[in-house]
Amino acid sequence: MTSPADDPNAALLAQLKMSSSVSGMKSNDDVLALLTAEPDPDPLAGVEYTGDEEDDARAELDALHRGFRERTARELERMQLATESEYWFCVCFKSQDDKDAFLAAAGLVVIGDKYLDGYATAELLGVTMPETDDTERG
């Protein structure tokens, strides 16, 4: 196993883990599952070809249209999740030094210095979070 400094995906993994409060990812396994997720299904996979070019072309166009509609629906859900603003809050200080001092004193600097995963923050602060339905946020 490589060290984090040698891992070319370390920055990507860190970025994905920092977004875990949105997606429900809480571990490296969750991140790995995202990185190795299956691509969108082939919309033409279910087309039954008859040998009639006109009918086959119509069936392909119908399948592609259905695939685009389904992908559009998934993208709309993703966009809603990405732009929803009710799942985060902001804490401000008078200076960067004050912010840095707070993060260090609270033991939070290990998870970030600007955007902190809410669940990791809760864990470090000893706050028990209620169980949530993971399907709620994708």
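What follows is a conversation about a predicted model of a protein chain.

Reader: How confident is the prediction, and which elements have the lowest and the highest mean pLDDT?
Author: Across the protein chain the average pLDDT is 79, and 69% of the residues score at least 70. Among the elements, helix H2, which covers residues 20–23, has the lowest mean pLDDT at 43, while H5 has the highest at 95.

Reader: And how much of the protein chain counts as buried?
Author: Of its 138 residues, 12% count as buried. The accessible surface of the protein chain comes to about 11,200 Å², and carbon and sulfur atoms hold 56% of that surface.

Reader: Let's turn to charges, then: how many salt bridges does the structure hold?
Author: The structure holds six salt bridges.

Reader: What about Arg-74, which residue does it form a salt bridge with?
Author: Arg-74 forms a salt bridge with Asp-40, and the closest N and O atoms are 3.3 Å apart. Arg-74 lies in helix H4, whereas Asp-40 is in the loop between H3 and H4, so the pair ties together parts that are 34 residues apart in sequence. With a relative accessible area of 32%, Arg-74 is partly exposed.

Reader: That leaves Glu-75, so how far apart are Glu-75 and Arg-71 in helix H4?
Author: They are four residues apart in helix H4, which means that about one helical turn separates Glu-75 from Arg-71. In general, an α-helix has 3.6 residues a turn, so residues three or four places apart point the same way. The closest N and O atoms of the salt bridge between Glu-75 and Arg-71 are 3.5 Å apart, and Glu-75 counts as partly exposed at 28% relative accessibility.

Reader: Changing topic, what does Asp-117 do at the start of H6?
Author: At the start of H6, a side-chain oxygen of Asp-117 reaches to within 2.7 Å of the backbone nitrogen of Tyr-119. A polar atom of the Asp-117 side chain also lies 2.9 Å from the backbone nitrogen of Ala-120. Asp-117 itself is found in the loop between helix H5 (96–106) and helix H6 (118–125).

Reader: Is Asp-117 buried or exposed?
Author: Asp-117 counts as buried, because its relative accessibility is 5% and the cut-off for buried is under 20%.

Reader: And which residue follows H6?
Author: H6 is followed by Gly-126, whose phi is positive, near 75 degrees.

Reader: What else is there in the loop between H5 and H6?
Author: Val-109 is found in that loop between H5 and H6, and at 46% relative accessibility Val-109 counts as partly exposed. Setting aside its neighbours within four places in sequence, Val-109 is in contact with Leu-103 and Ala-104. Between the C-alpha atoms of Val-109 and Thr-121, which are 12 residues apart along the chain, the separation is 9.8 Å.

Reader: One last topic: which residues make the nonpolar surface patch?
Author: Phe-89, Val-91, Phe-93 and Phe-102 make a nonpolar surface patch of about 440 Å². One of these residues, Phe-89, is found in the loop between H4 and H5, and Phe-89 is exposed because its relative accessible area is 69%.

Methods
Residues are numbered from 1 along each chain as its sequence is written. This is a predicted model: local features need pLDDT of at least 70, side-chain atom pairs count only at pLDDT 80 or more; totals for chains, interfaces and linings use all residues. Side-chain values use heavy atoms; hydrogens and water are left out. Helices (H or I, at least four residues) and strands (E, at least two) are DSSP runs, numbered from the N terminus. Buried means under 20% relative accessible area, exposed over 50%, partly exposed in between (1.4 Å probe, protein chains only). A polar contact is a pair of N or O atoms within 3.5 Å; within protein, one must be able to donate a hydrogen and the other to accept it, and residues adjacent in sequence count only if both atoms are side-chain atoms. Accessible areas come from the Shrake-Rupley method with a 1.4 Å probe; for residues, only the protein chains shown count as cover. Contact means heavy atoms within 4.5 Å. A salt bridge is a side-chain nitrogen of Lys or Arg within 4 Å of a carboxyl oxygen of Asp or Glu. pLDDT is the predictor's confidence in each residue, from 0 to 100. Patches are made of residues with over 30% relative accessible area and no salt bridge: like charges are joined within 9 Å, nonpolar side chains (Val, Leu, Ile, Met, Phe, Trp, Tyr) within 5 Å.
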